Amino acid sequence: METIHPITVHFPVALLITAFFVETLALLAGKPNWHRVALWTLTLGALAAAAAVWTGRQAMAAAKHSFEIYQVMELHENLGYVVLSLAVLVAGWRLWARDRLSVKSRWIAWALLGSACGIMAFSAHLGGRLVYEFGVGGVYGRSGGIEVR
Ligand code: HEM
């Protein structure tokens, strides 16, 4: 492992998806306190996404490149920026409004967070391809790993 990116990526994945599920339950069950739990989980998730983007940029600088690898890595990078932007936007909006949103605004924030989670899932899949298919940043995939005799 050449960077700490693989360590940091678990936090936005776990926190943003948890925030989305708790927010869904809060909206469906009408539990005001659960909105607060979802907001703090989302805020931590946004901070964790910033850490993942920061360490991802270091991982990219250290990674070996072919054109094929670069194409997947660039898409993974850009989707990472989209996830971070959406998470910061929704967390910032809710914090700025002191989480006193109308029901309609809550559903809009929910949809934006759900989109961030969906994009993150696809982007994480691309990150997994980088490691396990192309052997970027590790000893798996084409360029190393289990020795075949
Ligand atoms: C929310 C943001 C991000 C998430 C959730 C994320 C997630 C992931 C995941 C799950 C992996 C596979 C790790 C493994 O299986 O060991 C990965 C690998 C990778 N990601 Fe990201 N990533 C994010 C942002 C970025 C950004 C912005 C870049 C580049 C600027 C980047 C560059 C890489 C690279 C180069 C790898 C290959 C492994 C390594 O060298 O560490 N990532 N990412």
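## Valine 9 and its contacts

Set aside the neighbours within four places in sequence, and valine 9 is in contact with Ala52, Ala124 and Gly127. This is a predicted model. Valine 9 is found in the loop between H1 and H2.

Is valine 9 buried or exposed? Valine 9 counts as buried because 23 other C-beta atoms lie within 10 Å, against a cut-off of 20 or more.

## Helix H3

Ala52, another of the contacts of valine 9, is one of the buried residues of H3. This helix runs over residues 32-62, 31 residues in total. From first C-alpha to last it reaches 45 Å, close to the 45 Å you'd expect at 1.5 Å a residue.

Its buried set is Ala38, Leu39, Thr41, Leu42, Gly45, Ala46, Ala48, Ala49, Ala52, Gly56, Ala59 and Met60. And what do these buried residues pack against? Four helices turn up: H1 (5-8), H2 (10-29), H4 (67-96) and H5 (103-132).

## H2 against H3

Two packed helices are described by the angle between their axes and the distance between the axes. For H2 and H3, that's about 160° and 8 Å. The angle is over 145 degrees, so H2 is roughly antiparallel to H3. The crossing of this pair is left-handed.

On the H2 side, the contact is made by Phe11, Pro12, Leu15, Leu16, Thr18, Ala19, Val22, Glu23, Leu25 and Ala26. H3 brings Trp34, His35, Val37, Ala38, Thr41, Leu42, Leu44, Gly45, Ala48, Ala49 and Ala52. Sorted by class, the contact of H2 with H3 has 16 nonpolar, four polar and one charged residues.

## H2 against H5

H2 also packs with H5, at an angle of about 150° and with the axes 10 Å apart. That angle makes H2 roughly antiparallel to H5. H2 passes H5 in a left-handed crossing.

Which residues make this contact? From H2 come Pro12, Val13, Leu16, Ile17, Ala19, Phe20, Glu23, Thr24 and Leu27. From H5 come Arg106, Trp107, Trp110, Leu113, Gly114, Ala116, Cys117, Met120 and Ala124. By class, the contact of H2 with H5 has 14 nonpolar, two polar and two charged residues. Ala124 is part of this contact, and Ala124 is also in contact with valine 9.

Technical notes: Residues numbered from 1 in each chain as written. Predicted model: local features only at pLDDT ≥ 70, side-chain atom pairs only at ≥ 80, totals over all residues. Helix = DSSP H or I, 4+ residues; strand = E, 2+ residues; numbered from the N terminus. Expected span 1.5 Å × (residues − 1). Buried ≥ 20, exposed ≤ 12 C-beta atoms within 10 Å, placed from the backbone. Contact = placed C-beta atoms within 7 Å. Axes fitted to C-alpha atoms, helices over the stretch in contact; angles between N-to-C directions. Parallel < 35°, antiparallel > 145°, perpendicular 65-115°, else oblique. Left-handed = near helix turned anticlockwise from the far one by under 90°. Nonpolar A, V, L, I, M, F, W, Y, C, P; charged D, E, K, R; others polar.
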